[in-house]
Amino acid sequence: MTTVSTAMTADHRRCDEIFSRAEELVSSGNWPDGEERFLAFRDAMLTHFSMEEDRLFPAFEQHMGHTMGPTQVMRMEHIQMRQLFSDMEQAVEARDDAQYLGLSETLMMIMQQHNMKEERMLYPMMDQTLGKAGGEIAQLITRQE
Amino acid sequence: MLNTASLSLDQAPPISIPFRFFLTAPLFAIAAGLELLIFGSEMLISRWSPFTLGLTHLITLGVLSMVMCGAMLQMLPVIAGSPVPHVVLVGRLTHGLLLMGTILLKISFVTGSKPATLLALTTLGVGFLIFIVAVGIALWRVVTPGATIQGMKMAVIALAATVVLGILVAVGYSGIGNLAHLTSLTNIHLSWGILGWAGLLILSVSFQLVPMFQVTPEFPFWVKRHLPYSIFICLSAWLLLRLGFDQSSWIDSAATPVLTLAVSGYLLFSMKTLQLQSKRKRRVPDVTLLFWRLGMIVLGLCVLLWVGGEFYSQIGDTQYFSLLLGIGLIQGVTLSIINGMLYKIVPFLCWFHLQSRQMAFMCMTVKVPHMKEFVTDKSAKRQFYLHLLALVSTVAAAVAPELFVHPAALLFIASNSMLLANLVLAVSRFRTTFKLLAPSA
């Protein structure tokens, strides 16, 4: 059965791979393809965020009865990462590889720790609490990929 | 029960807690290098000379344990979702006591003074006790521990064993107490320190960090599930065999294969890590990866050397066999990995704390530097090559001390001075931006 954990974790891995490819292209000086992969990566991440912020988090918050707590922290980290996406986009436009690679290294650190918290704690909590509704949202995510 | 509070970021300790550990470590390394430079080949005659033991402990306590303790206090809220209770107090006390204890132990080795030994043992004992209890509480609170947490628990138990054994050995040699089988106890102490505390911590943290930051395939399930406790059980069995019956020959023939099993576990780990790293999807050059690969290659070589020495007396009986093994495992494996990890942890923490401050004050006009602006790739890479040269020359110095001990000492001092300079520069950049990020009037 598709669960929130399996679907969202798979989506994290998919984003990691596009991220790595974009970084490799920029590092080798291939800007046209690097730009294309960077935008694909950013869009994949933004879709992932909105799936969480618009569907999963509200369902979970409704269950918990408040919006503070773990989802609040995850939303904050999404803001931090969105800021980095926009800085990276500027670096792509300026064709500044040193800037891009410094930002992508920073993003990688925050993104992986964020993913780890979600995969270790938040998604398993959602699997437990959301039940059938969680499974339905998860299927939606799998279909989008 | 759901533990929703465990995701809060407020539980990350203030930046000054991990940084005091990270900035102290290179100072002890430089001190050790200076000592080697001044006393020269005398330091490398035998692993049993008090000078050599003092030098070794400057590195294992002042550098390796210093960074490992600081990093654990920092990482547990993220890796385990379980913060260390009273982390600020625990961090300050552990750091202060470890710092004083290392200096006192050095004095005790050189002077042989009983009061200095007692004071050193008390200081280090209390410091580690505070750390072990606090980190233990955080680790044992984790409701569904994965392979990394299980491995960390065993690493902390191994630290406790190393400290207790170390105290016993010191009590015996200093004449404070009367203890038998001191040679055996010493070998058990150092094996638990290296293969247990340092080894199991590196092993279990790798399960998490290698796939995550280098985008490699995961470690196979059977490795994650069985390797840490198999090594731990072998080390425990070896300890019991050695402690119980030091003299009988059948125990000797049983103990060696048991330890060989534990050591082979590390050969498997180093091969597997190198294999996964070669399949990494993230292909950009990465200084931490260079340090990590060096550590894994040296780990494999050390295992082969140990097995060679254990089964062929022509190798094992040579004067420099133990020295080479010690240099390989301490400087080549553990120091490499710790040094490489500092280049990820320190710039990230600088960025992270500044970014959080920027968001708290909504001070968007001030730009927060990215990680590579705190430590540049170029300066980190230069330091890697110095570290590599220092390692090669120390290995050469173990075989031909007269020729290589001074270059080795100089390169070791240079490498750690550059590490210190890189870290201090990162902190000063952090401070500059921190001051700029103020609440708007």
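This is a predicted model: local features need pLDDT of at least 70, side-chain atom pairs count only at pLDDT 80 or more; totals for chains, interfaces and linings use all residues.
A search of the whole structure identifies 6 cavities of 30 Å³ or more, and the largest cavity has a volume of about 380 Å³. This largest cavity is lined by 26 residues, of which M109(A), Q113(A), M75(B), F213(B) and F348(B) are the closest to its centre. Two or more lining residues are contributed by α4 (97–144) of chain A and, from chain B, by α2 (50–79), α6 (182–214), α9 (287–311) and α11 (321–361). By class, the lining of the largest cavity comprises 18 nonpolar, 5 polar and 3 charged residues.

In chain B, helix α4 (residues 114–140) packs with helix α5 (residues 147–174) at an angle of about 165°, the two axes lying 10 Å apart. Because an angle over 145 degrees counts as roughly antiparallel, α4(B) is therefore roughly antiparallel to α5(B), and the crossing of α4(B) and α5(B) is left-handed. The residues of α4(B) that take part in the contact include L121(B), G125(B), F128(B), F131(B) and W140(B), while those of α5(B) include I149(B), M152(B), V156(B), A160(B) and S174(B). By class, the contact of α4(B) with α5(B) has 17 nonpolar, 3 polar and 2 charged residues.

Conventions: Residues are numbered from 1 along each chain as its sequence is written. Chains are lettered from A and ligands numbered from 1 in the order in which they are written. Side-chain values use heavy atoms; hydrogens and water are left out. On a 1 Å grid over the protein atoms alone, a cavity is a set of points where a 1.4 Å probe fits but cannot get out, and a pocket is an open set with protein on both sides within 12 Å along at least five of seven lines; lining residues have an atom within 4 Å of a point. Grid points are joined across faces, edges and corners, and a volume is the space filled by probe spheres set on the points. Helices (H or I, at least four residues) and strands (E, at least two) are DSSP runs, numbered from the N terminus. Ala, Val, Leu, Ile, Met, Phe, Trp, Tyr, Cys and Pro count as nonpolar, Asp, Glu, Lys and Arg as charged, and the others, Gly among them, as polar. Axes are lines fitted to C-alpha atoms, for helices over the stretch in contact, and angles run from 0 to 180 degrees between N-to-C directions. Angles under 35 degrees count as roughly parallel, over 145 as roughly antiparallel, 65 to 115 as roughly perpendicular and the rest as oblique. A crossing is left-handed if the near helix is turned anticlockwise from the far one by less than a right angle, and right-handed if clockwise. Contact means heavy atoms within 4.5 Å.
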